[in-house]
Amino acid sequence: MKGDILKEQDPCPPQPIQELMKGGKQEEQGLNPEPSAPQQPTEEEEALIEFHRSYRELFQFFCNNTTIHGAIRLVCSKHNRMKTAFWAVLWLCTFGMMYWQFALLFEEYFSYPVSLNINLNSDKLVFPAVTVCTLNPYRYTEIKEELEELDHITEQTLFDLYKYNYSNTRLVRARRRGPRHLGDSLPHPLQRLHILSAPHRAHTVRSSSSSMRDNNPQVDRKDWKIGFQLCNQNKSDCFYQTYSSGVDAVREWYRFHYINILSRLPDTSPSLEEEALGNFIFTCRFNQAPCNQANYSQFHHPIYGNCYTFNSKNSSNLWMSSMPGVNNGLSLTLRTEQNDFIPLLSTVTGARVMVHGQDEPAFMDDGGFNLRPGVETSISMRKESLDSLGGNYGDCTENGSDVPVKNLYPSKYTQQVCIHSCFQENMIKKCGCAYIFYPRPKGVEFCDYRKHSSWGYCYYKLQGAFSLDSLGCFSKCRKPCSVTNYKLSAGYSRWPSVKSQDWIFQMLFLQNNYTINNKRNGIAKLNIFFKELNYKTNSESPSVTMVSLLSNLGSQWSLWFGSSVLSVVEMAELIFDLSVITLLMLLRRFRSRYWSPGRGARGAREVASTPASSFPSRFCPHPTSPTSSLPQPGTTPPLVLTAPPPAYATLGSCPPPLDSVGPSSSSCALGEH
């Protein structure tokens, strides 16, 4: 009876996979339910992090769900290859054009362009500092005898070279002292150098008479120059510092020896037998109010003489200009007669004037101008300021702290201050002494050929290298980011006039003891004022900021794709998914090749050696042939599995009772009771 039942029942009725997977519910309703295995996640369940199985699936999902215009056409037109190719090419071209525009925008941003903003302001202005010099170098008492000796030697030099009697009285005194050879008292004598022309160089044989004539050339001859010789320490290299003009040669030669004499002054302040301010500046008024001693400071320049700086930083109160015009500025009446201080050093009559900032030194050689005697000079000013951007936007410095040159001046950083300090550093480094016209560090001596015999050779060589920027001073010394300039405009008129000169000279005589023969050549008038209180401020600002860059990028993105910032996130997500899928595929291939060789063979042997009782009922064996569909008593049927489970140890055994097997049962008996 039991055998008949077994014959009528299908040992393993064919069932769909879905029914096999749902058989667990029927087993739970059995009489003796088996312990349930761990439930596997179904297709409807989602994990915390999932990735697409292929590139095709990823791109299809992206095109169906992205907010970028045109991407969905790649999926909708997949049945029409021509449309799909057209939209793919169009989408890629649009994508390339957009990123080409992006590259241009980033290139513009990282070029750091600037915009110049011009503002016109009107307010009270601080009056700048004004420095006025007498153009009369002073004879210090400590070196007065040496300067007189230099004058006598210069007079003798002029007579020997040009047959010129500089002063009959002085020449008589020199002759009374006896004939003097230049080389006996001063090194580097001034010499006449004969420059042969091309036709003369071809004649190697010359008569004695012609040689005598060449040694005594006429003044109007142009085939000779004046100069003096300079050599290095061991006399191995020498050159002539020559000049085509005799006036320039004499002045430079005198100036060279004057520097050496001036360097012998003691470090303490020399006794300056200065004239009082009233003997040089007859009248001084600012805003129609007279000046006092607290409004100026005084210093001595080796070339330009006594100098007075009005409204400097050392003044008690800085001058303010509340109104423009000549009557609301600085007005000076100066005495410009040429005192017989050092006439061979100063060949100009008048006064030297410079307008500069309160915290800037007065570089009279660089930015000054001369006043003409007998003339009223009116200087109108306009203030301009420039605020530049440093860092990546421009080559400027805020305060000079990042410039590799030490500031030797007791003032704020300026480009001229840095350049002069740079030259002085190179002078000290290469020549061993300091140039007297520039400040020196502590413990360094000024150059003097008595102590530094070859400093002249080093100085002129260094000056040539400085002019060619071989020292790197112009490249090291960057301009400051904030600069204030004063644009000057000059006007001239004769002063005093013919009708008013009599009473003006009379008043100057009574008040200032002004007594000279040629009265007009001894005075000058100077007016310095603001032309208007409107001042221009030029400021730089970045042309492309981060905000404008993002705005331009968003505009380009909207132009080509009509998308937003979230679309950029979608593109980033696509790139990330592509990277992860590629990495996982490479990792899987690497593991299958190097980490688990023969893994499939071991799995097959494990399945073949597993007993039938260890399989659950839903994994049923199938007969290999129709005749062997039913198992014989006492024999174990061969097992043929269609889908082996991943973990065999967790699979259950078939239910033993056959009585519970009904027509609707999904299990099968594998043996007898």
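Throughout this tour, buried stands for a relative accessible area under 20%, exposed for over 50%, and partly exposed for what lies in between, as computed with a 1.4 Å probe on protein chains only. The model is predicted, so that local features need a pLDDT of at least 70 and side-chain atom pairs count only at pLDDT 80 or more, while totals for chains, interfaces and linings use all residues. Residues are numbered from 1 along each chain as its sequence is written, and side-chain values use heavy atoms, with hydrogens and water left out.

Select Glu252 and Arg255, which form a salt bridge whose closest N and O atoms are 3.8 Å apart. The term salt bridge refers here to a side-chain nitrogen of Lys or Arg within 4 Å of a carboxyl oxygen of Asp or Glu, and by this rule the count comes to nine salt bridges. Helices (H or I, at least four residues) and strands (E, at least two) are DSSP runs, numbered from the N terminus. Because Glu252 and Arg255 are three residues apart in helix 12 (residues 246-262), about one helical turn separates them.

If neighbours within four places in sequence are left aside, Glu252 is in contact (heavy atoms within 4.5 Å) with Tyr243 and Tyr460.

Next, select Glu532 and Arg382, a salt bridge in which the closest N and O atoms are 3.0 Å apart. This pair links distant parts of the chain, 150 residues apart, with Glu532 in the loop between strand 19 (523-530) and strand 20 (534-542) and Arg382 in strand 15 (residues 375-387). Glu532 counts as partly exposed at 25% relative accessibility, and Arg382 counts as partly exposed at 33%.

**Stop three: a pair between two loops**

Now move to Arg478 and Asp402, whose salt bridge has its closest N and O atoms 2.7 Å apart. Arg478 lies in the loop between helix 17 (473-476) and strand 17 (479-480), and Asp402 in the loop between strand 16 (396-397) and helix 15 (415-431), so the pair ties together parts that are 76 residues apart in sequence. Arg478 is buried, with a relative accessible area of 18%, whereas Asp402, at 46%, is partly exposed.

**Stop four: a network**

Select Glu146, Arg264 and Asp448 together; these residues are linked in a network of salt bridges.

**Stop five: the backbone**

Most residues other than glycine have a negative phi, and most peptide bonds are trans. What is the peptide bond from Trp495 to Pro496, cis or trans? That bond is cis, with omega near -10°, and Pro496 is placed in the loop between strand 18 (482-494) and helix 18 (501-512).

Finish at Asn287, in the loop between strand 7 (281-286) and strand 8 (289-290), where phi is near 55°, a positive value in a residue other than glycine. Asn287 counts as partly exposed at 27% relative accessibility. Gln288 lies in the loop between strand 7 and strand 8, has a positive phi near 65°, and is partly exposed with a relative accessible area of 47%.
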